[in-house]
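Trainee: I have a structure to read today. Can you walk me through its features?

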Amino acid sequence: MKYYDTVPQNFLLMRFVVTRYCNFRCPYCYLTDERRGRKKTVFSHHSPDEWIKAIDVFKDRHLELYFTGGEPLLFDEFIYFLKKALDKGFIHSVRIDSNLSRLEKFLKEINDPKVKFLASLHPTQVSFDTFSDKVKLLKENDMLALVNLVVSKENMEILNKAPHELARYFEDRGAFLNIAKDFERGLKYGYDEKYKEYIDKLQYPIDNIYMNMQNLHIGAFCGGGKHYISVSRHGNIYSCDGKERGNIFDHPKLPQGIITCNMPYCPSIISYSFSASNGFSPVEHLQDYVKRNKTYRESLDTSYLDSLWQHIEEHDLIPKKGNAGADDNRTLAAKLRSRIIKKIKSLS
Ligand code: SF4
């Protein structure tokens with residue numbers, strides 16, 4: 001059974017880029033220093049109270065909110081807004097991408113299992129022990145969705161452990177470690193095949209088709225626009241294909257029916273949960289995502305992963321400028337993908 005048979009008709013996931021501002025300077029970040037340094041937020045044009053009121057336009061919906069950045073927790077206005085928004089019965093769950101640097105301040109104001117964190121580990125910016133303690137705190141409060149790690153050269157030199165061993169470390173503590181390629185360098189300079197194989201092995205196979213941006217989604221039914229929208233800091237609403245769907249401050253009209261997506265490939269990890277190619281429901285889909293991927297990882301051959309990782313380390317195969325002659329080998333298609341991703345990221 002596909003998601004469109006099970007999802008409540010009124011389900012809506014709203015994604016906000018709270019800010020591009022960030023206190024960290026991760027070397028693989030897709031944001032430039034200039035953008036990470038600009039303190040613009042969704043509250044630069046409309047106050048938190050205006051946003052709280054605006055959300056009421058969707059009060060007949062089953063709403064999930066998703067906040068990303070930059071680093072959302074750095075702003076008291078965000079915490080104030082979220083605290084008030086959580087009182088609304090039609091907001092069923094909230095997820096936040098965060099580096100956790102201001103977690104303690106957040107938890108003093110909001111301690112609610114409706115909120116789940118996608119906690120990003122950035123070892124160049126925070127010690128592993130400090131981060132692990134914060135993950136533990138989130139687990140204790142039932143507020144952790146998963147932990148994210150980019151397999152970049154800098155991160156792995158500091159962590160000095162194979163990613164699959166780190167996954168086991170977090171697994172032993174009840175947390176799922178989501179392991180990502182260094183997309184920023186990979187899309188620029190190309191991937192070595194062994195590196196790609198290693199990271200792909202740690203992902204569920206169908207997710208790889210998506211993550212490697214193959215054409216799984218052409219013509220697929222998709223909830224974009226009907227069940228999933230992004231909202232810009234001015235309140236403009238976009239579906240994942242980049243089409244504008246009105247403004248949240250101005251009684252927007254979203255599509256009534258499921259749309260047929262004609263993008264060359266699915267542009268966002270968020271949109272992916274809505275694709276008909278994916279068997280699980282997009283409603284609080286991270287729970288199913290984690291459950292499915294944990295089971296899948298248990299079936300992996302650890303000794304093969306050990307040998308692959310050893311090969312990657314010995315031959316210095318993590319993406320970097322000039323790595324494996326990839327600069328020249330990058331295909332036209334890869335360059336095009338990189339450009340489209342940049343465009344999609346810039347939408348909000
Ligand atoms: S924490 Fe995220 S947004 Fe901030 S610098 Fe690192 S990758 Fe970029």
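**Reading the model**

Mentor: Start with a count: the structure holds zero disulfides. Keep in mind that this is a predicted model.

Trainee: Is Cys-22 buried or exposed?

Mentor: Compare the relative accessible area with the cut-off: buried means under 20%. Cys-22 has 12%, so Cys-22 is buried. Cys-240 is also at 12% relative accessibility and therefore counts as buried.

Trainee: Which residues surround the ligand?

Mentor: They are Cys-22, Phe-24, Cys-26, Cys-29, Arg-36, Gly-70, Asn-99 and His-122. Four residues are nonpolar, three are polar and one is charged.

Trainee: Next, rings. What describes a pair of aromatic rings?

Mentor: Two values do: the distance of the centres and the angle of the planes. In this structure, a search of the whole finds 15 aromatic pairs. Take Trp-51 and Phe-249. Their centres are 4.9 Å apart, with 65° between the planes. Planes over 60 degrees apart count as edge-to-face, and this pair is edge-to-face.

Trainee: Which parts does the pair of Trp-51 and Phe-249 tie together?

Mentor: Trp-51 lies in helix H3, residues 48-55. Phe-249 lies in the loop between strand S10 (244-247) and strand S11 (259-260). The pair therefore ties together parts that are 198 residues apart in sequence. Trp-51 is buried, with a relative accessible area of 1%. Phe-249, at 30%, counts as partly exposed.

Trainee: What about the rings of Phe-67 and Phe-81?

Mentor: Their centres are 6.1 Å apart and their planes are at 85°, so this pair is edge-to-face. Phe-67 sits in strand S2 (residues 62-68) and Phe-81 in helix H4 (residues 76-85), so the pair ties together parts 14 residues apart in sequence. Phe-67 is buried at 2% relative accessible area. Phe-81 counts as buried at 2% as well.

Trainee: Which residues form the aromatic cluster?

Mentor: Phe-16, Phe-43, Trp-51, Phe-67, Phe-78, Phe-81 and Phe-249 form one cluster.

Trainee: Where do Arg-173 and Lys-181 lie?

Mentor: For a charge over a ring, look for the face and the distance to the centre. Arg-173 lies over the face of Tyr-169, 3.6 Å from the ring centre. Lys-181 lies over the face of Tyr-191, at 5.7 Å from the ring centre.

Methods: Residues are numbered from 1 along each chain as its sequence is written. This is a predicted model: local features need pLDDT of at least 70, side-chain atom pairs count only at pLDDT 80 or more; totals for chains, interfaces and linings use all residues. Side-chain values use heavy atoms; hydrogens and water are left out. A residue is near a molecule or strand if one of its heavy atoms lies within 4 Å of it. Ala, Val, Leu, Ile, Met, Phe, Trp, Tyr, Cys and Pro count as nonpolar, Asp, Glu, Lys and Arg as charged, and the others, Gly among them, as polar. A disulfide is a pair of cysteine sulfur atoms within 2.5 Å. Buried means under 20% relative accessible area, exposed over 50%, partly exposed in between (1.4 Å probe, protein chains only). Rings of Phe, Tyr and Trp (its six-membered ring) pair if their centres lie within 6.5 Å; planes under 30 degrees apart count as stacked, over 60 as edge-to-face and the rest as tilted. Helices (H or I, at least four residues) and strands (E, at least two) are DSSP runs, numbered from the N terminus. A charge sits over a ring if NZ of Lys or CZ of Arg is within 6 Å of the ring centre and within 35 degrees of the ring normal.
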